[in-house]
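Here is a short note to go with the structure. Do keep the view open as you read.

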Amino acid sequence: MPLATTLPGPSSYIAFSKAYRDDPLGAFGQAWKTYGDSIRFTALPGVDVYFVVHPDTAAHVLTSHGQAYRKAPSVHQPLSLLLGNGILISEGESWLRQRRLMNPAFHRQSIINLASVMTRLAQERVQRWERYPTGSTLDVAEEMQQLTLEIVGEALFSTGLEAQSDSFSTAFRRAAEFINDRINAPFKMPMWVPTKPHRQFMKNRARLQQTAMHLIGLRRHQENVPLDLLSMLMAAQDADTGSQMSDSELLDEVMTLLIAGHETVSVTLSWAFHLLGNHPQVLHQLQDELETVLKGNPPSAEDYMQLPYTRMVVEETLRLYPPVWGLSRETTKADEIQGYSIPPRSFVIVGTYFTHRHPEFWTAPEQFNPERFIEDEVSKRHKFAYHPFGGGPRICIGNQFALMEATLILATLVQRFHLEPASAQPVEIDPTFTLRPKNGLTMRLVRQ
């Protein structure tokens, strides 16, 4: 029986494009409800996009038929303007070599060794917050971005980025906004055209790269080299050739770890505080665990596995607000999805945000319920019903670092404070570079 040629989907390019520009998640969500788990729509005249939601299809694209897919150039080429050819962008043998070189830096013991950095800097944030009067308002999104940048900076370089974190964060935000606009632009003007947005982006990128190269340069002349992520990256050798990373490769990976490594955890923590502020029963259960296990002490690496409910709060936050809300791929050859033929060079989006809300796999999917991640519940669930870090060979190399960091920061801060909504207005989602709270997240600081 021949395959059907096209999946169902919106017929009007103009109507869907307008809905997508106004509200990307709303547009995809409505299409999913209307047409089902696999959808075709026209992104541009003559350019079809396939949007898939079911966990079986996510597994198909990311694992079992992953050889038929690559990172989508229309998304990842703009990202490469900021991240170079780092592990998030590279493909084929280049990616495989870099992944092998970087694996030791993200071994479990290497991550455990960095737990003290996470909790020490979180404690410094506690001390800063203690200087504010109770009831003060904070932009939690900004606070978490600063904190996670300080942590990834010290994990990489064994030196804080406190003096540079504000300007680095600002440069990153502006560069990320440019990249997001460029990804969504139907026609991309060459970067050599000296438009004002291009000039501003180049200035911000130079600021980020100069920060990274300054710290790399200091390391090359350092006598007593600390055991941090940068030293492990610089010492890593290819098992077959004995080669090490070049300066340009090292810069690309450092930029990737600095930017992706702080942004994803910061937005996860922002949403976690938002959810806890609106679900006092979950907050109370979290506080009980922290009091029982930690007894007022800062958490350590040893405590990490003794805080199951705290980790479940993080995991449920990642379910509802995965920082990377969709995974974009391009077919390298013809494929078949759910009985429909997918031509070569087709653009495919795995809709992680919606897979995490699929009613076949999640009861009351819009509700915040950390107990979904009790071990028995996890074991019964489809493996790809939950994939906030991707899946298959290209699963995020820093996933365990991120989970430990978010858990230890949450445990440190919630022991001393809780954060209440500063407004009854709903918090809007901004699905741009990551799934951020739109216009920040203002909350009221309350001491325990």
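Which residues in H8 meet which residues in H18?

1. Met144, Leu147, Thr148, Ile151 and Ala155 in H8 meet Phe401, Glu405, Ile409 and Leu413 in H18, where contact means heavy atoms within 4.5 Å. This contact is made up of 7 nonpolar residues, 1 polar and 1 charged.

2. A word on the basis: this is a predicted model, in which local features need pLDDT of at least 70 and side-chain atom pairs count only at pLDDT 80 or more, while totals for chains, interfaces and linings use all residues. Residues are numbered from 1 along each chain as its sequence is written, and side-chain values use heavy atoms, leaving out hydrogens and water.

3. Now the salt bridges, each a side-chain nitrogen of Lys or Arg within 4 Å of a carboxyl oxygen of Asp or Glu. The structure has 16 of them. One pairs Arg120 with Glu154 (2.2 Å, N to O). Arg120 sits in helix H7 (residues 115-129) and Glu154 in helix H8, so this pair links parts 34 residues apart in sequence. Glu154 is buried at 13% relative accessible area, whereas Arg120 is partly exposed at 37%; buried means under 20%, exposed over 50%, and partly exposed in between (1.4 Å probe, protein chains only).

4. Glu130 and Arg416 form another salt bridge, with their closest N and O atoms 2.0 Å apart. Glu130 lies in the loop between H7 and strand E4 (137-139) and Arg416 in helix H18, so the pair ties together parts 286 residues apart in sequence. Helices (H or I, at least four residues) and strands (E, at least two) are DSSP runs, numbered from the N terminus.

Technical notes. Nonpolar A, V, L, I, M, F, W, Y, C, P; charged D, E, K, R; others polar.
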